[in-house]
Amino acid sequence: MAKRDFYEVLGCQKGADEGALKSAYRKLAMQFHPDRNPGNEEAEHKFKEINEAYDTLKDPQKRAAYDRFGHAAFENGGGPRGGPGFGPEFASSMSDIFEDIFGDFMGGGGRRGGGGGGGAARMRGSDLRYNLEISLEESFDGRTVEIDVPTLSTCETCDGSGAKPGTGTHTCRQCNGHGKVRAAQGFFTIERTCPVCQGRGVMMDQPCTDCGGQGRRQQNRKLSVDVPQGIEDGTRIRLANEGEAGLRGGPPGDLYIFVSIKPHELFQRDGADLYARVPISMTTAALGGEFEVPTLDQSRAKVKVPTGTQPGQRVRLKGKGMPVLRSKDVGDLYVQLDIETPQNLSKRQRELLEEFARLETDETSPNSGGFFDKLKKMFEA
């Protein structure tokens, strides 16, 4: 007796959602449950039919298979090769369903990219990282740096093919040239890359003796890297196709150069601006004056110290900072003035300072004088 359509059994349309299927199942299961129909063989048969239909349609994978192939999807165990009625066309269709449902999960997507032999084995080479340390002066000027990168490069003997020159190839006997093998799991057919030919679909008669059939060899490569003016610490430079060579002629990866800048003995950097701390004498701070500081453009800049300079006060030198990356703009240099208290005074110097202290007024030291006046009033309160 032919099985009824599962949607017909549940009384639902083919496009019914999960909620509609569940509601219909519960209603019919209660109606035809054996406990409610003792000794009724017809009710028992319908109850089993309802459960079989719902068990299939509630599962998205089973439902997809049923919608496409009907009851044939679950007959004879669902195997692609193990039972009658399941030829290559059905196996291929079941594989399509699996890939449609799971996409790239478990390595899917190779069917779209590998194509009948060879594509899967031409794997892209790995990306490489190189740490490059430069000085602040080199960042200021920009320069071309020669680097030595250990990497896997294309084998020159076999030109990346992996085969010994003058030899040929033959079809892989494991996958018959498809690059993939299939295995049955339940009613699904899962495709995997052929473990023998690694997805190429062909086997080399003789592998290259220099690279062992990999198509690439370990060697050091010398590269020139253009470091632009104004590059900052932590900047990443990408050199396309300069990474590892791909496996058996596959495309190469990229090389990423991470730039770090050595600490400078005078300058600290913040973006395009530079900062320098310069100690000055107490007399220079009080009377004013000037001095010179070196700059990264190998010149000197004059710093004018205003009369009455206070500790930590900054002087801005416009345009004496770092160049802005890929721009004509230039940052500024900020010189912080640190006032040094005199030490190891001679007798005469001490006498002069003591005399100055006797002559000192709130006008000459307004901040300290005002502060101690406030303290005095607090103690008197």
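Reader: Is Arg 173 buried or exposed?

Author: Good place to begin! This is a predicted model, where local features need pLDDT of at least 70, side-chain atom pairs count only at pLDDT 80 or more, and totals for chains, interfaces and linings use all residues. Residues are numbered from 1 along each chain as its sequence is written, and side-chain values use heavy atoms, with hydrogens and water left out. Buried means under 20% relative accessible area, exposed over 50%, and partly exposed in between, with a 1.4 Å probe and protein chains only; Arg 173 has 71%, so the residue is exposed.

Reader: How are helices α2 and α3 oriented to each other?

Author: Two packed helices are described by the angle between their axes and the distance between the axes. Axes are lines fitted to C-alpha atoms, for helices over the stretch in contact, and angles run from 0 to 180 degrees between N-to-C directions. For α2 (residues 18–32) and α3 (residues 41–57), the axes come within 9 Å and cross at roughly 160 degrees. Angles under 35 degrees count as roughly parallel, over 145 as roughly antiparallel, 65 to 115 as roughly perpendicular and the rest as oblique, so α2 and α3 are roughly antiparallel.

Reader: How many nonpolar, polar and charged residues are in the contact of α2 with α3?

Author: From α2 come Leu 21, Lys 22, Tyr 25, Leu 28, Ala 29 and Phe 32, which meet Ala 43, Lys 46, Phe 47, Ile 50, Asn 51, Tyr 54 and Leu 57 in α3. Ala, Val, Leu, Ile, Met, Phe, Trp, Tyr, Cys and Pro count as nonpolar, Asp, Glu, Lys and Arg as charged, and the others, Gly among them, as polar. That sorts the contact of α2 with α3 into ten nonpolar, one polar and two charged residues.

Reader: And how does α3 lie relative to α4?

Author: The axes of α3 and α4 (residues 60–69) come within 6 Å and cross at roughly 105 degrees. That angle makes the two helices roughly perpendicular.

Reader: What is the phi of Gln 298?

Author: Gln 298 is in the loop between β12 (289–294) and β13 (300–305). Its relative accessible area is 75%, so Gln 298 is exposed. Gln 298 is not a glycine, yet its phi is positive, at about 70 degrees.

Reader: What share of the residues of the protein is buried?

Author: The secondary structure comes to ten helices and 15 strands. Of the 381 residues of the protein, the share that counts as buried is 35%.

Notes: Helices (H or I, at least four residues) and strands (E, at least two) are DSSP runs, numbered from the N terminus. Contact means heavy atoms within 4.5 Å.
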